[in-house]
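Trainee: I would like a close look at a single part of this model. Please keep the account plain.

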Amino acid sequence: MFSKLKSGFGKVTPQQEDEPMAPENPAPQASPAPERTELSKEEAKEKEDEPKKEAEPTPANPQQPAADPARAPEAAPQPQAEPVKPDEPANNGQDAPAVQEDPVETVVSEFADTQLQDIVKRLRQRTDLFKEKLLDKDASSPEPSPPVSPIKKKRPKKDEKKDEKKDEKKDEAKAEEAIPEEEHYCDMLCCKFKTKPLKEKLKKCRLPDSLDGCTDRRYILWLFFVTLAFNWNCWFIPMRWAFPYQTPENNLYWFMMDFLCDLIYLVDMLVFQPRLQFVKGGDIIYDRAEIKKHYRASLRFRLDLICLLPFEVLYLKFGIKSVFRANRLMKYESFFEFNERLEAILSKAYIYRVFRTTGYLLFILHINACLYYWASEYEGIGSTKWVYDGEGNKYLRCYYFAVRTLITIGGLPEPVTVFEIVFQLLNYFSGVFVFSSLIGQMRDVIGAATAGQTYFRSSMDNTVAYMNTYKITKLVQNRVRTWYNYTWASQGMLDESELLEELPVSMQLAIAVDVNFSIVSNVELFKGCDNQMICDMLLRLKSIVYLPGDYVCKKGEIGREMYIIKQGEVQVLGGPDGTVVLVTLRAGAVFGEISLLAASGGNRRTANVVAHGFANLFILDKKELNDILVHYPDSQKVLARKGKKLMKDKGKKDDGGPKERTKGFTTLFSIKPETPKLFRAFMSAKGAGGLLSRLKAEQAKTQAHV
């Protein structure tokens, strides 16, 4: 720190320069820092050579001769004096060089000085560490170094052009977003209301890059339209080939429908199929390019390509014949896929299976009718009794013949020619095979639809037969039948666990959480426990239905389970005769938890619990709960704390109210037990014939003799 220079400079001798000068008025340490003075070039050089002096110099005597110009004197600083410019003359009127004193460092604050030294020390350590880091790359750094950005390879020009196009598209999209949206209104006769622009509506209808063929409803809806186009070709191509229903007058309508079906095929091949996700090595592939590559390498792409080959150009040479569109029938994979997807989402899929099997039967009869008309036309319409005679509706008459032939009803005219005999034999053989297979398939469909009901009936019949064998009373048999009927009506099955055993544990947990988590999580006993512990507990719960009046548990029996009411009500009974309703518990309530949470003892039931109406209860076994709590120590502590509180509350209730506290020194002595009742009666006997009077008389006699 530098101090202010004193006004006026004096001349100093060389001896005075060599001697140390004591300051007359030293500046205090806590004073503010003085301002710096302007130094000449010569003084700056001398300052670099001379060591810094800690004490302030005394002002020079103006009467002394001028100092040596090679060595500039120093002036004593004073706080209130301003520095004199070097150009001003001395007091004696003679020109003298400007004199300035060397600046002197003063310690303003020891704390600030130590802090600055500490900062310098840290900076030096930091510098040393970074030097080591430069020399040794494996050395650790005090600060985490940022990750090195990877060197980007130069892309070819094509990729650069693609990137430029993408950037341009992004810029255009941002510009469109920056433009304020225009308000769209729809004018009606009676009102005017605001509507969304057409672009937003189209964005919602835009398909994603990939579709899940199993769960996406949009794809299933599209398969429905593809199935309609496939059925159009399956039913009408054979009919137009056999029957003379396509004429020059209605060719335009047939061509329009054919073009519409071909358009649906084309959209399916170009839009939907290249978006279907697939599984590769256990991973679901979502990439659009990979999906396209997979589809184009599959057999389905080849079949779809064959379906759209334009064999209709042969109309120009051979005439309009629907047989040239037979390649459209190669779209059968989409038809069967639609059946599988639709059955997967229907709640009652067996109904659709019945209709589908019926459709197969009708289609086979349709093909047979077309073949019969073609055979009749080949033999000649009305040429024999076996062929079609040309009367009535062509299609209905031939269809009737096909039904009677395939179902083997009989009563048909006998074939005459060899061709007719061979055709009829093939009809019989195919009819027996097809009809029997369809009937068997129908039986399987109906059997699968009623499999649950059949299992319920067989279980109930076996139980009733068992009770009849051992001559169980009618009252018990009626209660068993009531339990079967109510359980089946309420759950649709007798045991839920049997249905879930086939599923993996994760699926079982998902179903249990959706069905029962809301009930168990609201139970006051389990509030504060880990949610995962509750989820694990859901898999251990067993659902049991109790009939009206059934005892869920009885007073005094050993308790090993806890009950959670899922549906219905139960009543807690008490009183001297055990018929007084103490409380009614409803859905979500818990009872029997004291026996489950008691560490040792206290596992006997304290009251009777009876089902009031039909009650569906969850049962949790004590052993299974302990197995779960081993993995959840925090939840175990919570339940243990709640169990102690319940046991404490139970003890207070059993005491029958608060007892009077003894005061004073009576607490130091034990209470004297009461006199037994028999001894009290013996001692209180009175009267002449009493036992006590006899003893007194005998005692008096003995004293008299003595």
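What should the 32 residues of helix 14 (residues 418–449) span at 1.5 Å a residue, and how far apart are its end C-alpha atoms?

Mentor: This is a predicted model. At 1.5 Å a residue, helix 14 should span 46 Å, and its end C-alpha atoms lie 46 Å apart, which agrees. Within helix 14, the buried residues are Glu 420, Phe 423, Gln 424, Asn 427, Gly 431, Val 434, Leu 438 and Val 445. An α-helix has 3.6 residues a turn, so residues three or four places apart point the same way. The packing partners of the buried residues of helix 14 are helix 12 (349–379) and helix 13 (394–406).

For context, the protein chain holds 24 helices and 10 strands. Of its 706 residues, 28% count as buried. Taking contacts in the protein chain between residues at least 6 apart in sequence, 71% join residues at least 24 apart.

Another helix pair can be described in its own terms. Two packed helices are described by the angle between their axes and the distance between the axes. For helix 6 (residues 217–242) and helix 11 (residues 332–345), the axes come within 9 Å and cross at roughly 135 degrees. Helix 6 and helix 11 are therefore oblique to each other. The crossing of helix 6 past helix 11 is left-handed. Helix 6 contributes residues including Ile 220, Leu 223, Phe 224 and Phe 230 to the contact, while helix 11 contributes, among them, Phe 335, Phe 338, Arg 341 and Ile 345. By class, the residues of this contact between helix 6 and helix 11 are 10 nonpolar, three polar and three charged.

Note on methods
Residues are numbered from 1 along each chain as its sequence is written. This is a predicted model: local features need pLDDT of at least 70, side-chain atom pairs count only at pLDDT 80 or more; totals for chains, interfaces and linings use all residues. Side-chain values use heavy atoms; hydrogens and water are left out. Axes are lines fitted to C-alpha atoms, for helices over the stretch in contact, and angles run from 0 to 180 degrees between N-to-C directions. Helices (H or I, at least four residues) and strands (E, at least two) are DSSP runs, numbered from the N terminus. Angles under 35 degrees count as roughly parallel, over 145 as roughly antiparallel, 65 to 115 as roughly perpendicular and the rest as oblique. A crossing is left-handed if the near helix is turned anticlockwise from the far one by less than a right angle, and right-handed if clockwise. Contact means heavy atoms within 4.5 Å. Ala, Val, Leu, Ile, Met, Phe, Trp, Tyr, Cys and Pro count as nonpolar, Asp, Glu, Lys and Arg as charged, and the others, Gly among them, as polar. The expected span of a helix is 1.5 Å times one less than its number of residues. Buried means under 20% relative accessible area, exposed over 50%, partly exposed in between (1.4 Å probe, protein chains only).
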